[in-house]
Amino acid sequence: MNIWAFANQKGGVGKTTSAITLAGILAGRNEETLIIDLDPHASMSSYFGMEPETVSQGVFELFTAQSNNKTLELDSVVHPTGIEHLSIIPSSVAVATLEKRFGANNGMGLILSRVLKNASQQYSHVLIDCPPVLGLLMLNALVACNQLVVPVQTELLAIKGLHRMLRTIKMIEKSLHKKLSYTVLPTMYDQRTRASQKSLKILQDEYKDCISSQPIPVDTKFRDASFSGKPISFISKNTHGLKAYEVLLEQMLLSRVNNSENREVA
Ligand SMILES: Nc1ncnc2c1ncn2[C@@H]1O[C@H](COP(=O)(O)OP(=O)(O)OP(=O)(O)O)[C@@H](O)[C@H]1O
Ligand SMILES: [Mg+2]
């Protein structure tokens, strides 16, 4: 089972869009796919018409049950998205309180990986959308995933944010004794602007071993898709943005085969 997390401490870089788009392509290929919305802002849940004020079974219930050592069937927090083969564990406003309630408790970083241990019979792919904050929720995603995607907007400030995220990854690798396999994904690339071109060049020079083979271009169709409540692959088949995500997906599926991800750090 692929477990992919989408994380960056910087906001607005394309984490949610990347997770939804890749999940949409996979579901369109009849692959059973689960998306998990770990962000209290619940953009991913809202995208599929689930309002964070009214969700009563989701990430919050999953974490509270686990922290109380209660067993909770994964199915009870999984909801349909309206797209065949695509299900979601939604977020809700209460998710914002998890950090305060349980942040310092021992073993809380392992909840998601424990829950997902038994999910491989049902799902081929699990895609986890993280909040732009390093805390309990992002930590759970980093521990559970076997691949990490770090979207970064092709602009200078976002590149500075990326350095912070990579320091976080190093720190977590040390404390978990686990190597995180990650892909830096340049997003919202506008080839007409010098700033975008310059930023992409910096990223390609600095991260040549772990950068995606091509950037995700700016594409207004993503916004159109969000109004429809469906991933872009169900709206427009021939957009530049979708094609770039299809290339990324192939790269990720291939590296899953070739990688010795999660190998122990010496
Ligand atoms: N390639 C793209 N082209 C044009 N617009 C995009 C693209 N990718 C994302 N967007 C838009 O940019 C905005 C931010 O994207 P998104 O919500 O995916 O970022 P995020 O990293 O999840 O943000 P947050 O940290 O707030 O959760 C959204 O309005 C989205 O529709
Ligand atoms: Mg988001």
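Predicted model: local features only at pLDDT ≥ 70, side-chain atom pairs only at ≥ 80, totals over all residues.
**Notebook: ligand 1 and the pockets**

I started with where the ligand sits: the space taken by ligand 1 is the largest pocket.

**Entry 1: around ligand 1**

I looked up the neighbours and got 15 residues around ligand 1. Lys15, Thr16, Thr17, Pro217 and Asp219 are the closest. Sorted by class, that shell has 7 nonpolar, 5 polar and 3 charged residues. Which helix gives the most to the shell? I found helix α1, residues 15–28, which puts in 3 residues.

Next I went through some polar contacts. Thr17 uses a polar side-chain atom, 2.6 Å from an oxygen atom of ligand 1. Gly12 comes in through its backbone, with an N or O atom 3.0 Å from a ligand oxygen. For Asp219 I also noted a backbone N or O atom, this one 2.9 Å from a nitrogen atom of ligand 1. Then I checked how much of the ligand is covered: on its own ligand 1 exposes 630 Å², and the protein buries 77% of that.

**Entry 2: the largest pocket**

I then took the pocket that holds ligand 1 for itself. The volume of this largest pocket is about 580 Å³. I counted 29 lining residues, and Gly12, Gly14, Thr17, Met188 and Phe222 are the closest to the pocket centre. So much for single residues; next, the helices. α1, α2 (43–47) and α9 (221–228) each bring at least two residues to the lining. Which of the elements has the largest share? I have α1 down for that, with 5 residues. The lining splits into 14 nonpolar, 11 polar and 4 charged residues.

I moved on to the second largest pocket, with about 280 Å³ of space. How many residues line this pocket? I got 14, and Gln66, Leu72, Leu74, Val115 and Asn118 lie nearest the centre. Two helices I wrote down here are α3 (59–67) and α5 (111–116), each supplying at least two lining residues. By class the lining has 5 nonpolar, 5 polar and 4 charged residues.

**Entry 3: backbone angles**

Last, I looked at phi. Most residues other than glycine have a negative phi, so I jotted down two that go the other way. His85 is not a glycine, yet has a positive phi of about 70°. I found His85 in the loop between β3 (79–80) and β4 (86–89). Met188 also has a positive phi, near 50°, and is not a glycine either. Where does Met188 lie? I traced it to the loop between β7 (182–187) and α8 (194–206).

Technical notes
Residues numbered from 1 in each chain as written. Chains lettered and ligands numbered in written order. Heavy atoms only, no water. Near = heavy atom within 4 Å. Polar contact = N/O pair within 3.5 Å; in protein donor to acceptor, adjacent residues only side chain to side chain. Areas by Shrake-Rupley, 256 points an atom, 1.4 Å probe, with all protein chains shown as cover. 1 Å grid on protein atoms, 1.4 Å probe; cavity = no way out; pocket = protein on both sides within 12 Å on 5 of 7 lines; lining within 4 Å. Sits in = over half its atoms within 2 Å of the grid points. Helix = DSSP H or I, 4+ residues; strand = E, 2+ residues; numbered from the N terminus. Nonpolar A, V, L, I, M, F, W, Y, C, P; charged D, E, K, R; others polar. Points joined across faces, edges and corners; volume = space filled by probe spheres on them.
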